[in-house]
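Please keep the sequence and the structure in view while reading.

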Amino acid sequence: MDGGRRGRRRGRGRGRGRAAEQDETRESVGDQHQVPPGQVGDQVAAALLNVVAVLERMAGPLERMMEPQGQGLVPPIGGEDVEARALERFQKFNPPKFSGGADPEVAEVWLERIADIYAALDYPEERQVSFAVFQLEGSARAWWNVIRAKWDQEGVPRTWANFTREFELKFIPPLVQERRLDAFIRCCQGTQSVAEYEVRFTKLSKFAPEIVATEQDRIHRFLQGLNVELQESLAAVPMDTFSGTVE
């Protein structure tokens, strides 16, 4: 029996020895994987910097994805959209079409109507020309195609004054323009109101650019056409602008 107890004691001793050896082995392996405290902080900081860099790279695309869905955000308007809206406003005034022809009265009425619309819209001159051309049809459109090619070749700027000059040369014959010049020279108030006189004066003055070349020339000519009693009452009043003179 003593031999059996001694055998069991020896067996238990050998078992404890193996367990202790296993514990020592695990501790040794664990020690091999441990990182000094200073290196742990450096690794964490480096990992955080990488995360921040990734988030910054993702921020731009995410903002662009969310921007159209944001409330109160208006997408930028391109040049084509601006022109389309400007043309839409122009069309709301019901501008007339012009297809040419030999009647200078029709051409005059069309040109005056387009000019009146532009007075209300205050568009840039190049846009004025473009939209006026949009209303040309038939032989008038064919005429403009020739003028456009000539302007492009000669580098002529697309201003409303240049368009008006070319238009009148084509559709308002020189003989008609001479008659309009004579009518402007004879233009006076008579039985008309000042407002009615001003409308006719302005309409005919475009046929006499040399006579009303400056603002003062225009004012002087306008005052000459007023009735005598009005001329006398305005003799001592300073006149600096044509609009002020009319008022």
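## Overall fold

The model described here is predicted. The protein contains twelve helices and zero strands.

Of the 247 residues of the protein, 23% count as buried. The accessible surface comes to about 17,100 Å², and carbon and sulfur atoms hold 55% of this area.

## Nonpolar cores

The largest nonpolar core has 28 residues. Trp110, Trp144, Phe163 and Phe167 are the residues with the most contacts inside this core. Helix H3 (79-91), helix H4 (104-121), helix H5 (125-134), helix H6 (138-154) and H7 each supply at least two of its residues. H4 gives the largest share, seven residues. Leaving aside residues up to four places away in sequence, Trp144 touches Val129, Val133, Leu136, Trp151, Arg158 and Phe163.

Another core, of 13 residues, lies apart from the largest one. Its members include Cys187, Leu204, Phe222 and Leu226.

## Aromatic rings and charges

A search of the whole structure finds 23 aromatic pairs. In one of them, the ring centres of Phe167 and Phe171 are 4.9 Å apart and the ring planes meet at 45°, so the pair is classed as tilted. A stacked pair would need planes under 30 degrees apart, and an edge-to-face pair would need over 60.

Both Phe167 and Phe171 belong to helix H7 (residues 160-171). They are four residues apart, about one turn of the helix. Phe167 counts as buried because its relative accessibility is 0%. Phe171 is likewise buried, with a relative accessible area of 5%.

Charged side chains also meet rings. Arg127 lies over the face of Tyr123, at 5.1 Å from the ring centre. The charged end of Arg218 sits over the ring of Phe242, 4.6 Å from the centre of that ring.

## A buried loop residue

Ile172 is located in the loop between H7 and helix H8 (174-185). Its relative accessibility is 0%, so Ile172 counts as buried.

Which residues does Ile172 touch, not counting residues up to four places away in sequence? They are Pro104, Ala107, Glu108, Phe167, Gln177 and Phe207. Ile172 and Glu108 are 64 residues apart along the chain, while their C-alpha atoms are separated by 7.5 Å.

How many disulfides does a search of the whole structure find? The search finds zero disulfides. Cys187 is in no disulfide, and the nearest cysteine sulfur, 6.6 Å away, is that of Cys188. For Cys188, which is also in no disulfide, the nearest cysteine sulfur is that of Cys187. A disulfide is counted for a pair of cysteine sulfur atoms within 2.5 Å, and the sulfur atoms of Cys187 and Cys188 are 6.6 Å apart.

Note on methods: Residues numbered from 1 in each chain as written. Predicted model: local features only at pLDDT ≥ 70, side-chain atom pairs only at ≥ 80, totals over all residues. Heavy atoms only, no water. Phe/Tyr/Trp six-rings, centres within 6.5 Å; stacked < 30°, edge-to-face > 60°. Buried < 20%, exposed > 50% of the residue type's maximum accessible area, 1.4 Å probe, protein only. Lys NZ or Arg CZ within 6 Å of the ring centre and 35° of its normal. Core = buried A, V, L, I, M, F, W, Y, C linked by side-chain atoms within 4.5 Å. Contact = heavy atoms within 4.5 Å. Areas by Shrake-Rupley, 256 points an atom, 1.4 Å probe, with all protein chains shown as cover.
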